[in-house]
Amino acid sequence: MNSQQPLLEGRDVYKFFGGLAAVNGVDFAVYPGEIVGLIGPNGSGKTTLFDCLTRLQTIDKGQIFFKGQEITRVRPYQVARMGLARTFQVIRVYRKMTVLENMLISRQWRGEGLLNMLRPSHPDTERRARHLIQFLQLEHLTDELAGHLSGGQRRLLEIGMALMPDPDILLLDEATSGINPTLIEIIKDRIRTLNREQGKTFLLIEHNINFIADLCSRVYVLNFGEKLAEGTPEEIMENEAVIEAYFGA
Amino acid sequence: MDQFLQALASGLLLGGFYAVMVLGFSIIWGVMGVINLAHGEFRMIGAYAAWALFRAFGLDPFASLVIILPVMFVVGYALQTILLNRVVERPHLMALLVTFGVSISLANLYKVIYSADPRSVPVSYNGSFELFGVTMPIVKTIIFFLALLIMGLLHTFLHHTRLGKSIRAAAQNKDAARIVGIEIHKVYAITAGICIALTAGAGAMLSPTQAIFPFMGPPFTLKAFTITALGGLGRIPGALLGGLLLGVTELMVATYVPGIGTNLGVAVSFVLLVVILIVRPQGLLGGLRPMEVE
């Protein structure tokens with residue numbers, strides 16, 4: 001067990017849609033510097049849990065803590081400003097803006113006065129955007145409209161946008177979905193680099209078990225909204241309940 | 001030929017006004033998904049404000065924009081914060097009913113305050129001049145060029161300021177905007193402030209050319225639908241194109257179809273709307289598809 005205070009923690013979290021318990025009494029903790037996986041069959045409540053953590057969904061019962069502070073009733077933009085960033089299962093970039101504009105918009109709004117918001121972006125912000133674009137190997141597309149990018153390139157851009165505010169933790173929702181193996185390797189490498197060199201913490205929803213096994217130190221498994229198992233990737237892959245949930249074996 | 005040129009010039013001038021008049025309606029719909037049925041009433045308020053300032057201080061309606069625009073920005077910001085932000089993410093019918101209620105309340109409030117008697121702003125330069133044999137009304141020509149200037153400024157604001165880009169981001173994807181720290185309800189309030197100020201400004205600009213009365217709003221709201229269907233949601237060039245098309249169509253019909261006259265402009269507008277929706281249900285420029293401020 002980790003003796004540190006969790007960076008992100010959920011205690012007995014419930015989310016209902018009508019009579020359906022999409023998240024059913026889930027406890028979990030992610031510690032600073034970890035890369036943690038969150039897996040489960042389709043409809044097991046993974047994305048709903050992400051929505052609850054980022055406050056896009058309100059929870060019906062339980063508590064959520066970030067950096068030791070309860071965020072159960074904090075608004076999504078405030079959670080983002082506290083240092084929690086995410087990507088989405090269905091990629092959400094601003095298709096009518098360029099790659100650079102997409103990056104800049106992700107660090108535009110920090111409670112500044114209206115007059116400041118009428119000024120162009122700060123040079124430091126633009127430097128950071130260009131640095132991240134290069135880091136994600138998108139520099140040849142800097143001035144291209146996001147709507148013209150391939151699915152994989154948009155996925156990289158979305159990760160870059162999430163990195164722009166320099167968050168403490170990144171929640172990536174199926175970052176490898178529909179992406180070719182070369183880009184998957186780039187994403188894997190960038191996550192590893194950010195974790196090792198900058199101490200960034202990651203919580204990853206994935207169906208790509210190899211991706212999870214290569215990156216994660218711990219994995220949570222959800223099934224029908226409940227936590228089915230928790231452990232190292234090796235333990236999870238040998239867990240009979242997990243195998244049954246995935247393959248019905 | 002002279003008659004055609006005259007109708008074309010008058011239609012273009014009218015279209016310029018329509019373009020600036022519809023911007024607020026189109027952007028609120030585009031950014032928030034709210035169809036503001038009180039749109040015409042804010043134009044009515046602008047016209048009354050110009051009349052009141054003209055009557056009390058002799059202030060020219062165009063000069064009164066310096067007062068009307070900031071005051072109506074605050075009104076729009078407050079309306080959004082107090083009322084519309086509470087329904088903006090609920091089913092569309094809620095916002096429709098709320099803005100319908102605002103529309104009725106404002107029209108009747110102004111009737112109580114000012115009575116139903118029509119008012120006018122008799123500026124000294126309400127004449128016309130000749131240009132290549134075409135008669136150009138001075139006020140409408142000023143409105144046309146001011147409309148172009150306003151649209152240019154708004155385009156620059158939306159594309160080159162962080163605030164404008166935040167509005168565009170919120171229009172394209174509000175969850176993605178929220179998750180990067182954009183305070184979406186504040187963006188909505190600023191958007192409503194800008195749009196309602198623009199609408200009232202349009203009302204003030206047109207005050208020298210039309211009778212001002214409390215129930216003058218609804219025909220403009222209806223025309224705003226047609227122009228939006230023509231030009232698209234939240235699109236500034238689209239608003240200009242839509243406005244010009246409607247303006248020219250109205251004037252051509254009034255000129256060449258016997259017995260119609262300009263008073264049936266709303267009918268022309270509706271026929272045009274029905275034709276567009278039958279031929280191209282997504283709008284002429286595809287602009288009734290999901291909202292993206294360009």
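Let's start inside chain A. One pair to find on your screens: A:D173 has A:I205 in strand 8 as its bridge partner. Keep in mind throughout that this is a predicted model.

Now the sheet around that pair. It is an open sheet of 6 strands in chain A, in the order 6-7-8-3-9-10. The pairing is mixed. Which strands sit at the edges? Strand 6, at 84-86, and strand 10, at 226-231, each pair on one side only. From one strand to the next, the twist averages 20°.

A helix lies on this sheet. Helix 1 of chain A, residues 46-53, packs there. Its contacts are with strand 3 (35-39), strand 6, strand 7, strand 8 and strand 9 (218-223) of chain A. The direction of helix 1 makes about 150° with that of strand 7.

Chain A has another sheet to look at. This one is open too, with 4 strands in the order 2-1-4-5, and its pairing is antiparallel. Strand 2 (20-30) and strand 5 (69-70) are the edge strands here, each pairing on one side only. Look for A:F17: it stands opposite A:L20 of strand 2. A quick reminder on what holds such pairs: strands of a sheet pair through backbone hydrogen bonds, either parallel or antiparallel.

Step back to the whole of chain A. How many helices and strands does it have? The count is 10 helices and 10 strands. The radius of gyration of chain A is 18 Å, close to the 18 Å that the globule rule gives for 249 residues, so chain A is as compact as a globular protein of that length. Along the principal axes, its C-alpha atoms fill a box of roughly 55 × 40 × 40 Å.

On to chain B. Its secondary structure comes to 11 helices and 2 strands. Reading along the sequence, the pattern is α-α-α-α-β-β-α-α-α-α-α-α-α. Chain B has a radius of gyration of 19 Å, close to the 19 Å from the globule rule for 294 residues, so it too is as compact as a globular protein of its length. Its C-alpha trace spans about 60 × 50 × 35 Å along the principal axes.

Let's look at helix packing in chain B. Take helix 5, residues 138-160, and helix 6 of chain B. Their axes come within 5 Å and cross at roughly 80°. Helix 5 and helix 6 of chain B are therefore roughly perpendicular to each other. Helix 5 brings B:F157, B:L158, B:H159 and B:H160 to the contact, and helix 6 brings B:G164, B:I167 and B:R168. By class, that contact has 3 nonpolar, 3 polar and 1 charged residues.

Helix 6, residues 162-172, also crosses helix 8, residues 184-206, of chain B. The axes come within 10 Å, at roughly 110°. That makes helix 6 roughly perpendicular to helix 8. Which residues meet? From helix 6, B:L163, B:S166, B:I167 and B:A170; from helix 8, B:I184, B:V187, B:I190 and B:T191. This contact has 6 nonpolar and 2 polar residues, with no charged ones.

Now put the chains together. Chain A puts 26 residues in contact with 21 residues of chain B. On the chain A side, helix 2 (76-82), helix 3 (99-105) and helix 4 (114-117) each supply at least two residues. Which element gives the largest share of that side? Helix 2 of chain A, with 4 residues. By class, the side of chain A that touches chain B has 14 nonpolar, 4 polar and 8 charged residues.

Last, confidence. The predictor gives the complex an ipTM of 0.75 and a pTM of 0.83. Chain B averages a pLDDT of 87, and 92% of its residues score at least 70. Where does chain B fall below 50? Over residues 290-294. Beyond near neighbours in sequence, that stretch has 20 contacts in the model. Where pLDDT is low, the predicted coordinates should not be read in detail.

Note on methods. Residues are numbered from 1 along each chain as its sequence is written. Chains are lettered from A and ligands numbered from 1 in the order in which they are written. This is a predicted model: local features need pLDDT of at least 70, side-chain atom pairs count only at pLDDT 80 or more; totals for chains, interfaces and linings use all residues. Two residues are in contact if their C-beta atoms, placed from the backbone, lie within 7 Å. Ala, Val, Leu, Ile, Met, Phe, Trp, Tyr, Cys and Pro count as nonpolar, Asp, Glu, Lys and Arg as charged, and the others, Gly among them, as polar. Two strands pair if DSSP finds at least two bridges between them. Axes are lines fitted to C-alpha atoms, for helices over the stretch in contact, and angles run from 0 to 180 degrees between N-to-C directions. pLDDT is the predictor's confidence in each residue, from 0 to 100. Angles under 35 degrees count as roughly parallel, over 145 as roughly antiparallel, 65 to 115 as roughly perpendicular and the rest as oblique. The radius of gyration is taken over C-alpha atoms; the globule rule is 2.2 Å times the number of residues to the power 0.38.
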